[in-house]
Amino acid sequence: MLQLSLSASNLLDRDITSKSDPMAVVYAKKIDGKLEELGRTEVVLNSLNPVWIEKVIVAFQFEIVQPLVFHVYDVDTKYHNIPVKMLKLKDQEFLGEATCVLSEVVTNQTRSLTLNLHIKNGHTGLRNFGALTIHAEETVASRSCVEMIVHCSHLDNKDLFSKSDPFLRISRIVETGGSVPIFKTEVVNNNLNPIWKPLCLSIQQFGSKDNPLIIECFDFNSNGNHVLIGKLQKSVANLEKLHKERSGANLTLPSSHRGHDKVLKGQLFVDQFCEKQQYSFLDYISSGFELNFTVAVDFTASNGNPRNPDSLHYIDPSGQLNSYQRAILEVGEVIQFYDSDRHFPAWGFGGRTCDGTTSHCFNLNGSAGAFEVEGVEGIMAAYSSALHNVALAGPTLFGQVINKAAQIAGQSISYNSNKMESLQTYKKQKTLWSGHLIFHYQFS
């Protein structure tokens with residue numbers, strides 16, 4: 001979640017005996033063009049340069065374009081005692097509006113964007129309507145977290161023909177006396193001395209280092225009836241102490257004797273313990289990291305004859321976009337804001353080029369040397385041009401494209417460039433490759 005702070009400068013003065021009393025309203029613009037109100041600021045009295053205190057909360061979604069619209073009003077004196085949420089905007093004087101995409105704000109290293117205000121028809125003329133500044137901050141209570149590596153030894157065996165398959169479940173004890181699960185490790189198969197992968201607990205999960213946590217060790221069963229091997233109660237502070245003292249804590253099992261748990265031979269050890277900061281996607285973006293959008297289009301014959309309406313490459317005379325054009329727009333319009341120069345490498349593969357040879361990595365714009373195009377519009381234009389100059393062929397081999405993108409990424413690292421490379425390969429199914437993650441989209 002983001003909270004938007006707003007301020008304005010040089011607003012129009014609509015009042016006769018005093019200055020304007022401005023209020024700002026923030027809207028999300030939907031796909032159908034309708035505006036959905038997200039929030040309002042307070043009214044600042046007698047000011048043409050207001051700095052509003054009230055924040056507007058917006059849910060940031062990286063995967064979509066989020067257009068925002070800002071309206072600024074001068075609130076009439078007779079409405080000053082009415083809560084801002086109850087104000088009828090048609091009764092207030094309009095001072096101007098501004099629009100932007102949320103990504104434009106968060107991709108600035110200052111996370112701030114200043115926009116000129118204009119009247120609703122979009123024309124400012126010679127008149128100055130002032131400016132609006134938007135600043136975005138993440139609503140994160142704390143970025144602190146604890147990372148640990150833990151292991152158990154001498155666990156009781158709960159299986160008959162093999163060893164137990166243990167995993168840990170960590171729960172936080174709540175005020176009502178119950179518990180809420182906050183973390184579960186992976187299952188370590190057939191092992192009574194398991195070492196689990198590093199686990200990370202945020203302060204939002206465990207509350208404070210002194211809050212008691214219940215750590216339960218189960219033997220995994222595929223039918224869902226997991227068997228409790230043992231448990232213990234420790235706070236994060238206790239776990240840190242175990243690490244410092246290099247000691248273990250015995251697991252226990254509930255006993256038939258009330259108030260007396262059975263102490264087991266099995267123990268929990270904390271091999272590593274460190275406190276660290278968790279950084280979000282927006283933290284990296286604000287620090288100067290970028291996403292480099294790279295496109296490769298499939299020109300193999302399996303796409304169908306581009307002249308036939310059932311082809312994925314068919315260009316509809318009515319202007320309706322084909323599957324490749326929709327894919328380029330849907331992904332490109334999102335990622336373009338995270339690439340400062342907006343010059344995108346664009347290739348094709350599996351097509352027969354003008355020299356009669358089948359290429360598995362050719363420049364989409366037809367240039368012998370320059371493989372970058374300018375903006376999403378440049379990709380669309382290069383793709384349309386390639387359809388007239390490249391014949392569909394095959395087979396489907398995009399290894400050269402991936403190697404080329406990896407080479408560019410490697411050069412970015414070698415030149416100490418803060419770029420994260422992503423590759424968009426368009427086949428019958430779209431695949432977005434970004435180093436560690438693969439996002440998969442099915443063509444409709």
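Which residue forms a salt bridge with Glu275? In this predicted model, the partner is Lys209, with the closest N and O atoms 2.9 Å apart. Glu275 counts as exposed because its relative accessibility is 51%, and exposed means over 50%. Lys209 has a relative accessible area of 26% and is therefore partly exposed.

The whole structure holds 12 salt bridges. One of them joins the side chains of Arg111 and Asp283, at 3.3 Å from N to O. This pair links distant parts of the chain. Arg111 sits in the loop between α1 (102-106) and β7, and Asp283 in helix α4 (residues 281-286), 172 residues apart. Both Arg111 and Asp283 are buried.

Asp283 also forms a salt bridge with Arg143, where the closest N and O atoms are 2.8 Å apart. Arg143 belongs to the loop between β8 and β9 (144-153), 140 residues from Asp283. At 22% relative accessibility, Arg143 counts as partly exposed. Asp283 counts as buried because its value is 14%, and the cut-off for buried is under 20%. Shared partners join Arg111, Glu138, Arg143 and Asp283 into one network of salt bridges.

An open sheet of four antiparallel strands runs in the order β4-β1-β8-β7. The twist from one strand to the next averages 30°. Strands β1 (residues 2-9) and β8 (residues 131-138) pair over eight bridges. Ser5 stands opposite His135 in β8.

Methods: Residues numbered from 1 in each chain as written. Predicted model: local features only at pLDDT ≥ 70, side-chain atom pairs only at ≥ 80, totals over all residues. Heavy atoms only, no water. Pairing = 2+ DSSP bridges. Helix = DSSP H or I, 4+ residues; strand = E, 2+ residues; numbered from the N terminus. Axes fitted to C-alpha atoms, helices over the stretch in contact; angles between N-to-C directions. Salt bridge = Lys/Arg side-chain N within 4 Å of Asp/Glu carboxyl O. Buried < 20%, exposed > 50% of the residue type's maximum accessible area, 1.4 Å probe, protein only.
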